[in-house]
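Look at the chain below and keep it in view while reading.

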Amino acid sequence: MRRGIAATALVATLALAATACGGDGKNDSGDTKAGGELSGTVTWWDTSNDAEKASFQKIAEAFTAKHPKVTVKYVNVPYGDAQNKVKNAFSSGSEAPDVIRADVGWVADFASLGYLAEVPADTAKKVDAEFLPQAAASGKYEGKTYGVPQVIDTMGLFYNKKMLADAGVQPPKTLEELKTAAAAIKAKTGKAGLYLRGDDSYWFLPLIYGEGGDLVDAKTKTVTVDNAAGVKAFKAARDLVTSGAAITNATDGWTNMQTAFKSGEAAMMINGPWAVADSYAGDQFKDKANLGIAAVPAGSVKAGAPQGGHDLAVYAGSKNITAAQAFVDYMTSQEVQVQSAKELSLLPTRTAAYEQPEVKASEMVQFFKPAVDKAVERAWIPENGSLFEPLKVEYTKAITGATSPEDAAKAAGVEFRKILKGWK
């Protein structure tokens, strides 16, 4: 991963300016330091989806009830554009947000570039003591904490209970069972069994885990996406389409997938807690009880789904760094996490939140929590996020038949080794 000297120097300069303080306990923007009342403006770039953003904006702006002299500027940034947009803002220092909602795979990358402020020591201790260990791990880089976990997630098999019942099938536990169930659904209803997203490599992860593989082995610094398990995973993706078990599309996959599932054109999809609120908005799920969720079907070796989620992190060059850190504490508090679980079916990262009545009452949270406990942790390396673009290219080509599974795996491995200098 390249590190721009000019950008790094700029961030270091901004961070120094932001942390310097005079006798009045305030920085240049009016952000009050410890011992005084918080003030200033906190700009938060939130990457939540359309079904979530109104709730998060409301929660974020309620921070002012606790700190009336702080103004929260909420900005929703589409997830697909966010990583590059955040990097550009941080590297230039121009109109950069004070706080970002970062995919768990981005934190090490941003921290390695010097863009993030280290989490205060007292908060870091609370993260280690009070948050789920696998969530806490995502916010660390070289032994220091740079992100506070906001939500944690994994993937499951979403299914239309009525469509499966009409076809006389149960939620499939393996890919082979999925193909059988899909054939029955097609015969009975004329609809597709599964919509498998083909334009986002995150949906490839359950397939490679299911074959007993992974993208990389960080401990030995070895690229593994192109080994035998990787080839099997690309074959499994293509086989789901050619067998007729799944439909897919090479573009606009999220919209096409959600539309197909919500309208009943597809009986199943693989997705995560972030899709629950939007799925409930579909015609097929006006009766929420019709939405079922099961474990991701196993491949030839096992069932496996990735650990995902989002961390909140503070820009090292923020002129409102104290208020920004207080905002992160608030947005990751048990109170807010319980509210998000209740309103959006999102999983808390605080261990104690799962003991709260509102969280226990959420059927979706209660399903996904055991799944999260079994989820596969990705390698928390700076290059994590960079691997997904070349993987997406090859996954899309393989699933649509534009290239063979063998060639897709080989090409992905070549690109990975260009990114991961010196890896085997």
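A salt bridge is a side-chain nitrogen of Lys or Arg within 4 Å of a carboxyl oxygen of Asp or Glu. By this rule the structure has 23 salt bridges. The model is predicted, so local features need pLDDT of at least 70 and side-chain atom pairs count only at pLDDT 80 or more, while totals for chains, interfaces and linings use all residues. Residues are numbered from 1 along each chain as its sequence is written, and side-chain values use heavy atoms, with hydrogens and water left out.

Side chains of opposite charge can pair when their charged atoms come close. Helices (H or I, at least four residues) and strands (E, at least two) are DSSP runs, numbered from the N terminus.

Arg-378 and Asp-103 form another salt bridge, with the closest N and O atoms 3.9 Å apart. Arg-378 is in the loop between helix 17 and helix 18, and Asp-103 is in strand 3, 275 residues apart. Are these two residues buried or exposed? Buried means under 20% relative accessible area, exposed over 50%, and partly exposed in between (1.4 Å probe, protein chains only). Arg-378 has 9% relative accessibility and so counts as buried; Asp-103, at 9%, also counts as buried.

Lys-235 forms a salt bridge with Glu-406, and their closest N and O atoms are 3.4 Å apart. Because Lys-235 lies in helix 11 (residues 228-242) and Glu-406 in helix 19 (residues 405-419), this pair ties together parts that are 171 residues apart in sequence. Lys-235 is partly exposed, with a relative accessible area of 41%, and Glu-406 is partly exposed at 38%.

Next come the aromatic rings. Rings of Phe, Tyr and Trp (its six-membered ring) pair if their centres lie within 6.5 Å; planes under 30 degrees apart count as stacked, over 60 as edge-to-face and the rest as tilted. The whole structure holds 19 aromatic pairs. In one of them, the ring centres of Trp-44 and Tyr-74 are 5.6 Å apart and the planes are at 70°, so the pair is edge-to-face. Trp-44 belongs to strand 1 (residues 40-46) and Tyr-74 to strand 2 (residues 70-76), so parts 30 residues apart in sequence are tied together. Both Trp-44 and Tyr-74 are buried. A tilted pair is formed by Phe-158 and Phe-368, at 6.3 Å centre to centre and 45° between the planes.

Last, the pockets. On a 1 Å grid over the protein atoms alone, a pocket is an open set of points where a 1.4 Å probe fits, with protein on both sides within 12 Å along at least five of seven lines; lining residues have an atom within 4 Å of a point. A volume is the space filled by probe spheres set on the points, which are joined across faces, edges and corners. The largest pocket has about 1400 Å³ of space. Its lining has 48 residues, and the closest to its centre are Tyr-79, Gly-80, Trp-106, Arg-197 and Asp-200. The second largest pocket has a volume of about 260 Å³, and the residues that line it include Thr-154, Met-155 and Phe-367.
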